[in-house]
Amino acid sequence: MNNNFKRKYGFNIFDQQIEDQFEYASKHGLQHIEINLSHEKLSIETYDADRISKLRELSKAYKVNLSFHIPYYINISEIVLPLRKSNINYLLKCIQVAADLKATHVTLHVGKFYWFPVGPWMRKKSLKRFIKSMKKVLKICEDKNVIVALENVVPIPNGSEYYLLGDSVDDFKFIFSNLESRHLKFCLDTGHANMGEGVFEYINNFHDKLSCVHYHDNNGLNDEHLSIGKGNIPWKNLAEKLIKINYQGPIISECRNIEAHESARLFENHFI
């Protein structure tokens with residue numbers, strides 16, 4: 001039964017065969033499938049010319065768009081140069097396949113860093129390496145017409161040895177102030193934001209760059225990926241905010257223990 005959603009809801013797949021998901025998506029009015037490249041079934045090496053051609057045909061036939069989620073362990077801000085180059089090359093390969101697939105975008109985490117000798121100083125050095133790497137990547141994105149959407153992540157507690165980049169509004173302000181490209185956008189993860197500065201702080205600062213939303217709930221303490229209403233995210237207010245900024249991009253479920261179309265219906269109810 002088609003839900004006739006007004007918005008472009010979708011879902012993330014991790015270990016299912018992509019080819020088997022189009023019928024489900026179309027049947028339930030879902031318009032987007034985000035492919036997590038971490039699992040061996042979906043790894044970037046599996047996209048040969050035949051598979052790309054088949055996926056493009058399925059995408060067109062079912063009117064379901066595709067995007068990639070780059071594995072979270074890819075780190076183009078890596079301090080060790082040979083490793084950083086390897087990570088950049090992997091990302092560029094993903095961008096090439098995304099272009100061949102005519103994917104709407106690729107979602108990317110900014111990276112991670114080791115705190116020693118001084119945490120804030122190492123964060124800034126890591127962000128600068130990320131920016132330097134992205135300048136090279138964006139040249140290819142512009143040539144291939146592929147958007148990279150940077151996703152906010154969960155803040156790691158103080159006292160840890162490793163920290164994540166992109167866990168604060170300030171990190172993204174620094175990145176976007178140093179990188180100007182129409183192919184560089186922002187992906188809001190509602191659950192991650194709820195564990196930090198909140199969804200509205202991110203939207204207020206980056207609404208003009210918002211091209212993708214990952215949605216799931218939590219209580220602000222753990223990244224539980226709960227279904228809507230099981231945590232404390234103010235979904236009604238979030239829906240009103242997305243309407244106010246005229247958000248038109250994909251809204252992708254990362255809720256666990258609930259079917260994507262059921263999750264979409266829960267979110268859609270807050271827009272009414």
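1. Let's start with N246, which sits in the loop between helix 8 and strand 10. Helices here are DSSP runs of H or I with at least four residues, strands are runs of E with at least two, and both are numbered from the N terminus. N246 is not a glycine, yet its phi is positive, near 60°. Most residues other than glycine have a negative phi, and most peptide bonds are trans. With a relative accessibility of 52%, N246 counts as exposed (exposed is over 50% relative accessible area, buried under 20% and partly exposed in between, using a 1.4 Å probe and protein chains only).

2. A word on the model before going on: it is predicted, so local features need pLDDT of at least 70 and side-chain atom pairs count only at pLDDT 80 or more, while totals for chains, interfaces and linings use all residues. Residues are numbered from 1 along each chain as its sequence is written, and side-chain values use heavy atoms, with hydrogens and water left out.

3. K63 is another residue to look at, in the loop between helix 2 (49-62) and strand 3 (65-69). Its phi is positive, about 55°, although K63 is not a glycine. K63 is exposed, at 68% relative accessible area.

4. Do have a look at the peptide bond between F116 and P117 as well: it is cis, with omega about 10°. P117 belongs to the loop between strand 5 (111-114) and helix 4.

5. Helix 3 (residues 81-101) and helix 4 (residues 119-144) pack at an angle of about 25°, and their axes are 10 Å apart. Axes are lines fitted to C-alpha atoms, for helices over the stretch in contact, and angles run from 0 to 180 degrees between N-to-C directions. The two helices are therefore roughly parallel (angles under 35 degrees; over 145 is roughly antiparallel, 65 to 115 roughly perpendicular and the rest oblique). On the helix 3 side, the contact is made by R84, I88, L91, L92, I95, Q96 and A99, and on the helix 4 side by R129, S133, V137, I140, C141 and K144; contact means heavy atoms within 4.5 Å. By class, this contact of helix 3 with helix 4 has 8 nonpolar, 2 polar and 3 charged residues (Ala, Val, Leu, Ile, Met, Phe, Trp, Tyr, Cys and Pro count as nonpolar, Asp, Glu, Lys and Arg as charged, and the others, Gly among them, as polar).

6. Helix 5 (residues 169-178) and helix 7 (residues 199-206) cross at roughly 15°, their axes coming within 10 Å. Helix 5 and helix 7 are therefore roughly parallel to each other. Helix 5 contributes V169, F172, K173 and F176 to the contact, and helix 7 contributes E201, Y202, N205 and F206. These residues of the contact of helix 5 with helix 7 divide into 5 nonpolar, 1 polar and 2 charged.

7. In helix 9 (residues 260-268), the buried residues are A260, H261, S263, A264, F267 and E268. Seen down the helix axis, they fall within an arc of 155°, so they line one face of helix 9 (the arc is that of the directions from the helix axis to the C-beta atoms). Their cover includes strand 1 (8-13), helix 1 (22-27), strand 9 (210-215), helix 8 (235-244) and strand 10 (250-253).

8. Finally, I156 lies in the loop between strand 6 (148-151) and strand 7 (162-165), and at 28% relative accessibility I156 is partly exposed. Leaving aside neighbours within four places in sequence, I156 is in contact with Y162, Y163, L164 and D167.
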